[in-house]
Amino acid sequence: MTSTVLIRSIFYKLKQYKIAVIGCGIFFALLFFFYVRHNRPVYTAKATVFPLSTQSENSISTSALNGILGIEGNSKSFSGDAAINIVELTLSRNVRQKVALTRLPQFDNKTITELIADDLNAHASFWENTIKIPADSEAIASLGGELLSEDITAKMSKNGVLEIYFSSSDKKLITPITNVFIEKLSQFYIDLKISKALADYYFTIKKIDSLQDMLTQVDKKAVVLQNTTYFTPSDRLEYGLPKENLSMEKSRILRQRDLSVNNREEATWRLQKATPIISVLDKPTEPFIMVKTSSVIFGIIGFFAGCFICTLFLISGLIYTYAKSEIYKSVFGDEPELPLTL
């Protein structure tokens with residue numbers, strides 16, 4: 001069987017069953033069309049947030065605090081806030097699970113996990129498994145975090161503004177869930193600032209107590225030295241030098257204590273300033289970005305796919321006969337007498 005005979009046989013076969021090929025294409029076109037038409041559009045909300053506190057603002061507040069206290073110079077014992085990638089924080093499992101456990105009063109006080117699962121179950125196809133809500137809160141948080149991971153994206157703009165995109169097929173859930181994301185991000189940084197300020201505050205308190213104990217020890221040494229050298233001549237170096245050293249050590253400890261007091265007041269100032277540090281620039285409200293797959297395009301794709309599948313089924317016997325003939329000829333050299341079935 002030559003390639004010319006194969007092509008001629010395929011042509012005759014398709015001409016004979018052209019109605020079946022077209023019918024199969026129409027069937028798949030309708031199947032794809034109604035499947036895509038059944039799918040709901042996906043709405044996406046965009047929210048942009050930016051930080052309210054900057055490094056320059058922190059320095060200004062510290063300078064103002066020093067001016068109120070009458071202390072010159074800035075404290076050097078505190079490091080800046082921990083540098084955390086805001087995009088990674090937004091997409092992290094920790095934030096997603098906190099959002100998933102949040103209850104929305106406007107939706108019968110249900111958790112976000114329950115709302116998303118109910119929406120997916122209500123519009124699930126017959127072959128899709130329904131999502132069951134577990135009873136354990138940790139399992140609910142884990143389930144909600146997985147569901148939210150497919151719907152939330154974040155990126156930084158060229159101007160350094162965070163852009164949050166949340167997508168859902170239910171328009172009623174988009175705005176409240178996006179607002180919860182922004183709230184959890186803000187609360188994370190508030191908790192971080194409070195923890196840092198408390199750690200600095202307790203550290204300076206311990207340091208002040210330690211320096212005060214050192215001052216007490218220096219005073220005791222000075223009293224003992226004064227009592228033991230009371231009748232000694234003051235111009236003798238071996239008697240005056242220990243007193244000078246004690247005086248210098250006391251002055252040094254006093255300076256360290258004053259600086260620690262400054263640090264304590266600054267830590268208290270930072271603790272009092274633990275306010276929301278991000279604000280919403282563009283709120284996640286309507287109009288949303290709507291994305292819906294074109295049913296017409298998928299219908300056309302389905303038509304060609306159906307025609308191709310039907311054609312492949314019809315000519316599979318011819319291709320098998322041709323392949324068998326070629327294999328026999330390559331092994332034995334003579335082409336066998338194979339019947340050609342049209």
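Biologist: I'm new here. What does the protein chain have in the way of helices and strands?

Modeller: Keep in mind that the model is predicted. The protein chain has 10 helices and 7 strands. Of its 342 residues, 31% are buried. The accessible surface comes to about 21,900 Å², and carbon and sulfur atoms account for 60% of that.

Biologist: And how many of the contacts in the protein chain link residues 24 or more positions apart?

Modeller: Take the contacts with a separation of 6 or more: 77% of them are between residues 24 or more positions apart. Met156 makes a handy example. It lies in strand S4, residues 152-156, and its C-alpha atom is 9.9 Å from that of Val49, 107 residues apart along the chain. Leaving out residues up to four places away in sequence, Met156 touches Ile86, Val87, Val161 and Leu162.

Biologist: Is Met156 buried or exposed, or partly exposed?

Modeller: Buried means under 20% relative accessible area and exposed means over 50%. Met156 has 39%, so Met156 is partly exposed.

Biologist: Which residues are buried in H7, and where do they fall, seen down the axis?

Modeller: The buried ones are Ile140, Ala141, Gly144, Gly145, Leu147 and Leu148. Down the axis of H7 they fall within an arc of 165°, so they line one face of the helix.

Biologist: And which residues of H1 are buried?

Modeller: Leu6, Ser9 and Lys13. They cover an arc of only 65° around the axis, which puts them on the same side of H1. On the other side, Ile7, Phe11 and Lys15 are exposed.

Biologist: Now rings. How many aromatic pairs are there?

Modeller: The structure holds 4. In one of them, Phe33 and Phe34 sit 5.3 Å centre to centre with 85° between the planes. Planes over 60 degrees apart count as edge-to-face, so that is the label for Phe33 and Phe34. Phe303 and Phe304 also form an edge-to-face pair, at 5.7 Å and 80°.

Biologist: How exposed are Phe33 and Phe34?

Modeller: Phe33 is partly exposed, at 23% relative accessibility, while Phe34 is exposed, at 52%. In the other pair, Phe303 is partly exposed at 27% and Phe304 is exposed at 55%.

Biologist: Which charged end sits over the ring of Tyr43?

Modeller: That of Lys171, which is 5.1 Å from the ring centre.

Biologist: Last one: what should I look for in the backbone?

Modeller: Most residues other than glycine have a negative phi, and most peptide bonds are trans. Here, Asp108 has a positive phi, near 60°, and Asn109 has one of about 60°. Asp108 is in the loop between strand S2 (103-104) and strand S3 (110-111), and Asn109 is also found between S2 and S3. Asp108 is exposed at 70% relative accessibility, whereas Asn109 is partly exposed at 42%.

Biologist: And which peptide bond is cis?

Modeller: The one from Glu286 to Pro287, with omega near 5°. Pro287 lies in the loop between strand S6 (278-282) and strand S7 (289-291).

Note on methods. Residues numbered from 1 in each chain as written. Predicted model: local features only at pLDDT ≥ 70, side-chain atom pairs only at ≥ 80, totals over all residues. Heavy atoms only, no water. Phe/Tyr/Trp six-rings, centres within 6.5 Å; stacked < 30°, edge-to-face > 60°. Buried < 20%, exposed > 50% of the residue type's maximum accessible area, 1.4 Å probe, protein only. Lys NZ or Arg CZ within 6 Å of the ring centre and 35° of its normal. Helix = DSSP H or I, 4+ residues; strand = E, 2+ residues; numbered from the N terminus. Contact = heavy atoms within 4.5 Å. Areas by Shrake-Rupley, 256 points an atom, 1.4 Å probe, with all protein chains shown as cover. Arc of directions from axis to C-beta.
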